[in-house]
Amino acid sequence: MQTNFSAAQLADPHVAESEKILRKCVHCGFCTATCPTYVTLGNELDSPRGRIYLIKDMLENGRPADKEIVTHIDRCLSCLACMTTCPSGVNYMHLVDHARAHIQETYKRPLLDRLTRAMLAFVLPYPTRFRAALKLAGLGRPFIGLFEKLPALKPVAAMLKLAPSAIPSASPMAKPGTHAGQGIPRGRVAILTGCAQSVLDPAINETTISLLTRLGVEVVVPDGEGCCGALVHHMGREDQALASARRNVDAWTRAIEKDGLDAIVITASGCGTTIKDYGFMLRLDPAYAEKAARVSALAKDITEYLAALDLPEPVHKPGTVVAYHSACSMQHGQKITRQPMELLTKAGFVVREPREGHLCCGSAGTYNILQPEISAKLRDRKVKNIEATGAEIVATGNIGCITQIASAAKLPVVHTIKLLDWAYGGPKPEGVSERGLAAAE
Ligand code: SF4
Ligand code: SF4
């Protein structure tokens with residue numbers, strides 16, 4: 001695509017990067033067929049190609065964002081299906097990240113939208129605040145019907161609907177410290193404790209630590225790590241996202257320099273995509289560029305790490321039929337497609353892939369709160385495809401997808417690691433029905 005940026009505009013490294021990306025796009029439109037919002041809404045401006053034109057126009061003219069571009073960029077899930085499909089290697093992720101930051105800087109949203117976003121950015125990345133907010137959600141639940149009738153309050157209704165009624169206690173294993181490996185040492189890793197996942201389902205990391213240590217891997221929970229920054233990054237809040245990235249880079253660098261790390265293991269693929277991008281996000285910061293690139297190179301999804309570990313034979317092979325839902329951040333963001341399914345198969349599960357596996361479930365960070373209508377359509381389509389597999393359990397590697405799919409599916413939705421842990425001698429995953437397991441054994 002031809003571009004028309006001035007030399008002065010290209011002096012801004014963010015604009016220069018976006019210009020390079022824009023030039024790669026050849027307008028072929030292949031990406032439209034796999035874009036969930038184009039497939040759902042049928043509007044070219046809600047396709048990757050349409051958004052690329054809108055972003056090009058805004059950046060080339062050095063204009064502040066307007067209502068039209070904000071509408072169509074807000075509807076983008078950042079699912080990155082377009083990047084998997086694009087034959088020209090257009091890095092839509094970095095382009096839309098730049099556009100979102102530009103919107104945040106130049107566009108004044110309506111008051112309620114601003115307040116909702118500010119509240120999400122204040123609460124979600126901080127486990128203590130998030131846990132307190134979930135407790136308060138019980139008070140708002142009787143008003144869901146009322147909030148749903150008022151367009152400006154639909155995000156509040158969506159939030160209340162997603163909030164679980166029971167909140168697990170905080171995990172003692174999330175506290176900074178070291179969990180020693182058993183038997184022959186096979187590695188040393190740090191684990192991301194993160195934010196929302198540690199509140200919604202602390203058992204995911206507990207299970208991961210238990211399985212890894214049984215396999216001989218020492219697991220470190222470094223002091224000072226926290227939210228990866230993905231949630232605010234996707235809202236265009238760059239300063240907050242970069243502060244999170246720097247804090248985690250510092251925490252992991254201390255662990256690397258103290259006793260060495262083979263990997264930084266991540267159990268939420270949405271976080272993994274962002275941490276693998278820290279090297280790019282902090283490339284312009286001379287104090288962090290090198291350290292961030294090292295952290296990104298060490299970042300591994302738990303299934304990526306386990307697949308390289310040469311696992312022993314499982315303790316028992318359950319035979320249970322599992323529908324594997326590949327999160328967008330797993331398959332499009334990190335290009336991890338085979339490993340989770342191969343691990344589940346080796347562990348004795350019968351793995352089925354739902355139709356339209358490339359389409360997002362509509363979770364996408366805060367998308368199911370900020371765009372509840374499109375999100376619900378995508379969720380229902382996803383659940384229909386999953387249920388058509390005839391599986392007894394859904395496995396996936398991202399807490400956002402677990403919450404989203406579980407809000408509509410009749411079958412249990414669990415993190416892949418819980419099924420693997422169970423096959424390798426751990427307890428039966430919570431939430432998996434006795435009936436399903438009994439039938440399979
Ligand atoms: S990231 Fe997803 S929703 Fe956004 S343009 Fe690409 S395919 Fe469409
Ligand atoms: S598939 Fe790639 S090159 Fe083709 S229109 Fe989409 S982004 Fe541009």
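Reader: What makes strands E2 and E3 a pair?

Author: This is a predicted model, and in it strand E2 (residues 187-191) and strand E3 (residues 217-221) run parallel and share 4 bridges. Pairing takes at least two bridges, so E2 and E3 count as paired. Inside that pair, Val189 has Val219 of E3 as its bridge partner.

Reader: How do you know that E2 also pairs with E4?

Author: Same test, really. E2 and strand E4 (residues 263-266) are linked by 3 bridges, again in the parallel sense.

Reader: Why is Leu306 called buried?

Author: Leu306, which sits in helix H19, has 27 C-beta neighbours inside 10 Å. The cut-off for buried is 20 or more, so Leu306 counts as buried.

Reader: Which residues does Leu306 touch, leaving out those up to four places away in sequence?

Author: Leu311, Leu343 and Leu420. Contact here means C-beta atoms within 7 Å. As for Ser363, 57 residues along the chain from Leu306, the two C-alpha atoms are separated by 26 Å.

Reader: What puts the buried residues of H21 on the same side of that helix?

Author: Helix H21 (residues 338-346) has Pro340, Leu343 and Leu344 as its buried residues. Around the axis they cover an arc of only 95°, so they end up on the same side of H21.

Reader: And what covers them?

Author: The cover includes helices H19 (302-307) and H25 (416-423), along with strands E6 (321-324), E7 (350-352) and E8 (393-396). After H21 comes Gly348, with a positive phi near 100°.

Reader: Let's turn to the ligands. What makes up the shell around ligand 2?

Author: There are 15 residues around ligand 2, and the closest are Cys25, Cys28, Cys31, Cys86 and Val90. Two helices, H4 (48-60) and H6 (81-85), each put in at least two residues, and H4 gives the most, with 3.

Reader: How does the shell around ligand 2 divide by class?

Author: It has 10 nonpolar, 4 polar and 1 charged residues. Cys counts as nonpolar, so the closest cysteines, such as Cys25, belong to the nonpolar group.

Reader: Which residues are closest to ligand 1?

Author: Out of 13 surrounding residues, the closest are Cys35, Pro48, Cys76, Cys79 and Cys82. Helix H3 (36-41), H4 and H6 are the elements giving two or more residues to this shell. By class, the shell around ligand 1 comes to 10 nonpolar, 2 polar and 1 charged.

Reader: Zooming out, why is the protein chain called as compact as a globular protein of its length?

Author: The chain, with its 26 helices and 9 strands, has a radius of gyration of 21 Å. The globule rule gives 22 Å for 441 residues, and 21 Å is close to that, so the chain is as compact as a globular protein of that length. Its C-alpha atoms fill a box of roughly 60 × 50 × 45 Å along the principal axes.

Reader: How much of the chain counts as buried, and what share of the contacts join residues at least 24 apart?

Author: Of the 441 residues, 49% count as buried. Among contacts between residues at least 6 apart in sequence, 74% join residues at least 24 apart.

Notes: Residues are numbered from 1 along each chain as its sequence is written. Chains are lettered from A and ligands numbered from 1 in the order in which they are written. This is a predicted model: local features need pLDDT of at least 70, side-chain atom pairs count only at pLDDT 80 or more; totals for chains, interfaces and linings use all residues. A residue is near a molecule or strand if its C-beta atom, placed from the backbone, lies within 6 Å of it. A residue is buried if 20 or more other C-beta atoms lie within 10 Å of its own, exposed if 12 or fewer, and partly exposed in between; C-beta atoms are placed from the backbone. The arc is that of the directions from the helix axis to the C-beta atoms. Two residues are in contact if their C-beta atoms, placed from the backbone, lie within 7 Å. The radius of gyration is taken over C-alpha atoms; the globule rule is 2.2 Å times the number of residues to the power 0.38.
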